[in-house]
Amino acid sequence: MAGNEASDLLPVRSRSLLRAHDAVRGFWTVLDEGPVEQCLALLLERTDGEWVAHHVSADAGVENGRTEDGEALAAHDGWVYVFGSHFGSKAGPLRPRRAFVARFREDDAATGTLPVQVVRNRFRVHRAINDALVKAAFVPLPPGERVRQRFIGETVSRGTARAKSWVRRLADGDLPLNVEAAAFTPHGTVLLGLRFPVTVDGEPVLVELAGVPEMFTPGGGWPRAGRAYALTGVTPPGALVGFRAVTPTDDGGYAAVVGSIDALGKGSVLLDDHPTGGEVTSRHVRFRVEPTDDDRIAGEVVAELTPFRNVEGVAEVDGRSFYVTDEDHRVALWIG
């Protein structure tokens, strides 16, 4: 595959798409090293048993080249949604190009160039989630002064210098967000899994977002954040653990991968402040959204994915577990 750093794993539901590739099963993944229309890929098991990767040709129209760092995939009502990280580089600042949601019709990928719709929210999602975290019953881990300055302070300074209207959606006390996982609920809301922030106890955080499909309709408005949840029972003692992937399961619950809050050896200022968030291997976990009064959800560990620290996607299909890992210059699919 051209590019690298595959993110997330979403089962293909379109029969016409599978037929077009002579495949019995398949998964979507997104590469995070370029604009979303250049970073969509299919991992396919063909009828002869061979697995292949297929880079999808796509077109985002006027939004071509204006996004980057797609991280999470989720399916709803025949559409596949792609969520940007809403984050920045390892040392900041936040990047507006990463504050986007895109979507496409899965059936459209069976023939010709795939049309992709893109909505860049200019930190509206950042604002909604930060407001939800302020209201949460749990306490998010506060960023250190260096992280706050690099991600929030520098973003505001750059936006002000360029007279950007989105500056008013950032506040001094905000937490930088790193969206890494997404799954739609039966009610049409989206659970966004955050790699950062985590709670002060090192637990991964989910935020429920309403109104995502309406972003793509004229006059539909912007997403609204509901409750934020902390996932308990999945963090090793003394560690910090964030979400890497979330996917619905057939029993009405969710499977997820949790792991490090940022990658080691890449100049992360988050890990400079919180080194216990890096030396963490990935875990496959499950949970149901049945929160307690203090906004906590009980999780259970399904599998330790040692020695991997880089599992970025999970799918549970026909009693088997599929994982994709973030690796340079290839897409690696693992089957458990």
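Here are some questions and answers about the predicted model shown above.

Reader: What should I know about the model before I start?
Author: It's a predicted model, where local features need pLDDT of at least 70 and side-chain atom pairs count only at pLDDT 80 or more, while totals for chains, interfaces and linings use all residues. Residues are numbered from 1 along each chain as its sequence is written, and side-chain values use heavy atoms, with hydrogens and water left out.

Reader: Where is the kink in helix H3 centred?
Author: H3 covers residues 145–161, and its buried residues include Phe 151, Ile 152 and Gly 153. Those buried residues pack against helix H2 (124–135) and helix H4 (269–273), with contact meaning heavy atoms within 4.5 Å. The bend at a residue is the angle between axes fitted to the seven residues ending there and the seven starting there. For H3 the kink is about 30°, centred on Gly 153.

Reader: What kind of aromatic pair do Tyr 81 and Phe 216 form?
Author: Rings of Phe, Tyr and Trp (its six-membered ring) pair if their centres lie within 6.5 Å; planes under 30 degrees apart count as stacked, over 60 as edge-to-face and the rest as tilted. Tyr 81 is in strand E7 and Phe 216 in the loop between strand E13 (205–210) and strand E14 (224–232), 135 residues apart. Both are buried. With 5.9 Å centre to centre and 70° between the planes, the pair is edge-to-face.

Reader: And Phe 308 with Trp 334: how many residues apart in sequence are the parts they tie together?
Author: This pair is tilted, at 4.9 Å centre to centre and 55° between the planes. Phe 308 lies in the loop between strand E18 (296–304) and E19, and Trp 334 in strand E21 (residues 330–335), so the parts tied together are apart in sequence by 26 residues.

Reader: Which residues does Arg 66 touch?
Author: Look in the loop between strand E5 (58–59) and strand E6 (70–76) for Arg 66. At 35% relative accessibility, Arg 66 counts as partly exposed. Leaving out residues up to four places away in sequence, Arg 66 touches Arg 97 and Arg 120.

Reader: In E14, which residue stands opposite Val 205?
Author: E13 is mostly covered, with 5 of its 6 residues buried. E13 and E14 run antiparallel and are joined by 5 bridges; two strands pair if DSSP finds at least two bridges between them. Opposite Val 205 stands Ala 230.

Notes. Helices (H or I, at least four residues) and strands (E, at least two) are DSSP runs, numbered from the N terminus. Buried means under 20% relative accessible area, exposed over 50%, partly exposed in between (1.4 Å probe, protein chains only).
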